[in-house]
Amino acid sequence: MLVSSAYAQASGEFMGGSQSSQVFMLVALLAMVYFFMIRPQNRRLKAHAAMLASIEVGDEIITGGGIVGKVTRIVNDDDLMVEIAAGTVVTVKRARIHSVPSKDMNEIAKKAVEAKTKKS
């Protein structure tokens, strides 16, 4: 008799919670995923894009492959001429640049956001 009454009590509820509390927990979980994973990643992507857009002649860069060089000429929006050794100049795609050590990405991102808000 004890087992059958336990099944009868559990049939209407799942693990002791109502359906509205389950929906609330799902929404809370999705909000946590957004604020702890998606939003920081989007910020990093925007900061990296602003850093790539701010590259100028004379900046020291590090490519995705780990090559360190100095920008000697900007060919077009996508290509840069980079001197990696004395007399050795290579063409590097802007999208393949990992970082610009001489520039602070946070400051660049703040300036990009300020410029964007001024245009609006």
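User: What should I know before I start?
Analyst: The model is predicted: local features need pLDDT of at least 70, side-chain atom pairs count only at pLDDT 80 or more, and totals for chains, interfaces and linings use all residues. Residues are numbered from 1 along each chain as its sequence is written, and side-chain values use heavy atoms, without hydrogens and water.

User: Which residues make the largest nonpolar core?
Analyst: There are 10: Met51, Leu52, Ile55, Ile61, Val71, Leu80, Val82, Val92, Ile97 and Val100. A nonpolar core is a set of buried Ala, Val, Leu, Ile, Met, Phe, Trp, Tyr and Cys residues joined through side-chain atoms within 4.5 Å. Buried means under 20% relative accessible area, exposed over 50%, partly exposed in between (1.4 Å probe, protein chains only).

User: Which elements give two or more residues to this core?
Analyst: α2 (19-53) and β3 (79-85). Helices (H or I, at least four residues) and strands (E, at least two) are DSSP runs, numbered from the N terminus.

User: New topic. Is Phe36 buried or exposed?
Analyst: Phe36 is exposed, with a relative accessible area of 65%. Phe36 is found in helix α2.

User: How do β1 and β2 pair? In which sense?
Analyst: Antiparallel, over 3 bridges. Strands pair if DSSP finds at least two bridges between them. Glu60 has Lys70 in β2 as its bridge partner.

User: What about the turn between β1 and β2?
Analyst: The hairpin has 4 residues between the strands, and Gly66 in the turn has a positive phi of about 95°.

User: And how many bridges join β2 to β3?
Analyst: 4, and these strands run antiparallel. Lys70 has Glu83 in β3 as its bridge partner.
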